[in-house]
Amino acid sequence: KILAYAYLYRAMFLDTISAPMERLQQAHARLQTYSDQLDELLSNAPDGILGIDQNGRIRFVNPSLQRMFGYSERELLGEPVEILLPISLRNRHSNLRDSYLAAPTGRPMASQRGLVGRCKDGHEIPVDIALGTHKGMDGVQITAFIRDVSERQKLERDMQHRATHDILTGLPNRQLMNDRLDRAIVHSRRHNMMFCLIMVDLDNFKDINDGWGHTLGDQLLITVARRLNRALRQGDTVARFGGDEFVILATDVSDQDGARAIVEKITDAMRNVFVLGEHQFHVSASIGVALFPEHADD
């Protein structure tokens with residue numbers, strides 16, 4: 001009987017105590033593994049991540065967000081999320097947040113443009129924000145994923161600049177000049193005004209380019225572009241059409257004398273010797289002028 005009770009007790013112990021304890025330990029191990037993975041994910045995430053409670057208070061932040069805005073975790077926890085916004089937007093955002101919490105929805109990245117964050121030192125950065133929500137024991141919780149898009153916007157500006165400007169000289173290219181010319185025609189027709197278009201073609205540039213090398217030729221084009229820019233009035237456009245051809249759009253010219261004065265400034269700018277490294281060149285230019293609408297109206 002003692003032996004039978006011992007076996008019976010052992011079976012009951014394994015079934016009611018040992019097995020549940022083992023399953024509990026396994027569940028705890030899985031939970032710990034999940035927690036470690038979550039911590040690693042939050043720590044290594046390239047985007048800033050923060051959790052916000054239903055009162056708009058920050059409950060957790062990851063290292064990327066701390067680096068992005070310059071705050072420590074201790075400085076952010078418990079603070080209103082508006083601490084990360086420009087001062088001028090904080091009251092408005094607080095009202096919008098209350099409306100959002102009343103009917104929360106997810107929001108993906110790139111769904112709203114022009115968002116700005118404010119760093120601890122006061123400078124502002126362009127950001128993109130995605131929002132996710134879930135209901136917890138304390139009400140609706142918001143998770144915000146914040147991405148600094150400063151580099152992306154800089155790249156977009158650079159690409160836009162390359163599409164409309166000459167890579168060598170930095171001047172507007174043919175595409176941008178044509179666009180400004182179209183605008184000038186519309187403006188002059190509407191206000192019954194005159195403007196002039198000036199073509200500048202360097203003389204004997206091919207001889208310099210072939211005889212002294214393309215590097216020296218490029219330096220000459222860059223120097224010519226600078227001189228033309230300095231010679232003209234603010235608001236006039238100098239563009240490189242290709243090769244050694246430059247086009248100048250001079251608006252608000254009242255008569256031929258005004259156009260002649262601009263041409264004289266160009267010739268004066270070209271008259272001085274061009275010093276390129278150890279070499280010196282005298283470069284002249286052929287110049288043609290068309291007045292709108294006297295010479296043509298399109």
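How do the residues of the lining of the second largest pocket divide into nonpolar, polar and charged? They divide into 5 nonpolar, 4 polar and 3 charged. This is a predicted model, in which local features need pLDDT of at least 70, side-chain atom pairs count only at pLDDT 80 or more, and totals for chains, interfaces and linings use all residues. Residues are numbered from 1 along each chain as its sequence is written, and side-chain values use heavy atoms, leaving out hydrogens and water.

**Terms for the pockets**

- A pocket is an open set of points on a 1 Å grid over the protein atoms alone, where a 1.4 Å probe fits, with protein on both sides within 12 Å along at least five of seven lines; lining residues have an atom within 4 Å of a point.
- Grid points are joined across faces, edges and corners, and a volume is the space filled by probe spheres set on the points.
- Ala, Val, Leu, Ile, Met, Phe, Trp, Tyr, Cys and Pro count as nonpolar, Asp, Glu, Lys and Arg as charged, and the others, Gly among them, as polar.

**Largest pocket**

- The largest pocket holds about 660 Å³ of space.
- Its lining has 27 residues, and Leu85, His93, Arg107, Leu115 and Ile129 lie nearest the centre.
- Two or more lining residues come from each of β1 (48-52), α4 (90-102), β3 (116-118), β4 (124-136) and β5 (139-148); helices (H or I, at least four residues) and strands (E, at least two) are DSSP runs, numbered from the N terminus.
- α4 gives the largest share, 5 residues.
- By class, this lining has 17 nonpolar, 6 polar and 4 charged residues.

**Second largest pocket**

- About 160 Å³ of space lies in the second largest pocket.
- Among its lining residues are Arg180, His187, Phe195, Thr237 and Asp252.
- Helix α6 (residues 174-191) provides the largest share of this lining, 5 residues.

**Sheet and packed helices**

- An open sheet is formed by 4 strands in the order β7-β8-β6-β11, with antiparallel pairing (two strands pair if DSSP finds at least two bridges between them).
- β7 (237-242) and β11 (285-292) are the edge strands, each with a single partner, so one side of each has no neighbour in the sheet.
- β6 (residues 195-202) and β8 (residues 245-250) pair over 6 bridges, and Asp201 stands opposite Glu245 in β8.
- α6 lies across β6, β7, β8 and β11, at about 135 degrees to β7; axes are lines fitted to C-alpha atoms, for helices over the stretch in contact, and angles run from 0 to 180 degrees between N-to-C directions.
- Helix α8 (residues 214-231) packs on the sheet, touching β6, β7 and β8 (contact means heavy atoms within 4.5 Å), and its direction makes about 15 degrees with that of β8.
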